[in-house]
Amino acid sequence: MHSTARARERAVLVAVDAPRPLIPVRDSLLELSRLAATAGIAVVGELVQSLKRAHPATFIGSGKVEEVKALVASTEADVVIFDDPLSPAQQRNLEKGLGCKVVDRSALILDIFAQRARSIEGKMQVELAQLQYLQPRLTRAWTHLSRQRGGGVGTRGPGETQLEVDRRRVRERIAQLRKRLGDTERTRRMHSDERTAIPVPTVALVGYTNAGKSTLMNALTRAGVLVEDKLFATLDPTVRRLRLPQGLTVLLADTVGFIHKLPHQLVEAFKSTLEQVRTANLLIHVIDASHPTWPEQLRITEEVLVEIGAGDVPVVYALNKSDLVSLGALPQVSPPDAVVLSAQTGAGLPALLVRIEQRLGAGLSRVRCVLPSDRSDIVALLRRTGRIVEEYYRDGEVTVTALVPEKVAGQLRKEFPGTAAG
């Protein structure tokens, strides 16, 4: 029997223990190992070097390069994955010195996104990020064809021509993708404007990757979102309606997770998709309470939220995976008013729904209006966007007192001038 299945790539992981890291190097290396597993790569070796500053040519010192080379030979590794970003020159020098493929964390994350993107827009966003990452690395990519030795007559060869062709093709493809994504973003904004005309509060789930956002989404809405114990299990956003205990209906959006050292190309490419985070009425920041470095993960997520322009959106903190933590081991210094829950078992979900309703209700206006009894569409709007406090019919009219968003209250005052504050 001869198997035609593609053999898993074997990788050696390399990390640098720099002064005052945001996440301890061992935790960061463990996360890199999980990223490799998500990408379908078998980790066969790891190496850590303490370093005050990166070597400009090879990132790690020459002695450590030889040590990595020996580890690659003994483990028969196909690729070396660095936990930190490498410059194009460092990547080339390392590949030459190690005699194998070298990638950094950014390239690995981009590869995972490319494998897991499902929607057309998601695939375009990932391709754009990959091309932006690749563009500076095209330099000297065709030196095996080039005869250039310093310029002048007789030195311009096919290598230079091919390199320029590749650069031009990448630039053209980037421009094409940006245009198509711009068209997609305009369409989304048009649909967003249509939803704003009949406003329904939007609640977005955000958090570090693998914190349990998709599990929570499924527990609250039965959305059927893919759930795996892998980093970046889902990339494409999902939006579902959610009815809160007092009757208020909201749109719940599940978004891509964030991670330590997230490639800036991805943040830029996914900004349009993450617009629903920026425009949400409320964010549910899902935190993996069972993770030893959850405070650092919280800080990283908050930094990305600021970067995409969502730093001022109101937040409810949800300490998830409480079923994996003993009661006494739950975080003692937790975010303000955090809700402790388990999306897996359902514990704490009612308290989360109440907290969401309280936070959204804080921004509702109380109105009282008298409507013709045939205007059931207005009554339905009040039910959908807010909460009806009182409703009674008399003499062909319906009197309704409701708590609604200020936009809806303004529409009512405009259409029915007799509408008063409740």
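Keep in mind that this is a predicted model. Start where H4 touches H5: on the H4 side you'll find Ser106, Ala107, Leu110, Asp111, Phe113 and Ala114, and they meet Val126, Ala129, Gln130 and Tyr133 in H5. Sort the residues of this contact by class and you get seven nonpolar, two polar and one charged.

How do the two helices sit against each other? The axes of H4 and H5, the latter spanning residues 120-134, come within 9 Å and cross at roughly 155°. Angles over 145 degrees count as roughly antiparallel, so that is the label for H4 and H5. Their crossing is left-handed.

Now stay with H4, which covers residues 105-116, and look at its contact with H1, residues 25-38. Here the axes are 10 Å apart and the packing angle is about 35°. H1 also passes H4 in a left-handed crossing. From H1, the residues involved are Ser28, Glu31, Leu32, Leu35, Ala36 and Thr38, and they meet Arg105, Leu108, Ile109, Ile112, Gln115 and Arg116 in H4. By class, that contact has six nonpolar, three polar and three charged residues.

Is Gln297 buried or exposed? Its relative accessible area is 6%, and since buried means under 20%, Gln297 counts as buried. Which residues does Gln297 touch, leaving aside its neighbours within four places in sequence? Gln297 is in contact with Tyr208, Asp288 and His291.

Note on methods: Residues numbered from 1 in each chain as written. Predicted model: local features only at pLDDT ≥ 70, side-chain atom pairs only at ≥ 80, totals over all residues. Heavy atoms only, no water. Axes fitted to C-alpha atoms, helices over the stretch in contact; angles between N-to-C directions. Helix = DSSP H or I, 4+ residues; strand = E, 2+ residues; numbered from the N terminus. Left-handed = near helix turned anticlockwise from the far one by under 90°. Contact = heavy atoms within 4.5 Å. Nonpolar A, V, L, I, M, F, W, Y, C, P; charged D, E, K, R; others polar. Parallel < 35°, antiparallel > 145°, perpendicular 65-115°, else oblique. Buried < 20%, exposed > 50% of the residue type's maximum accessible area, 1.4 Å probe, protein only.
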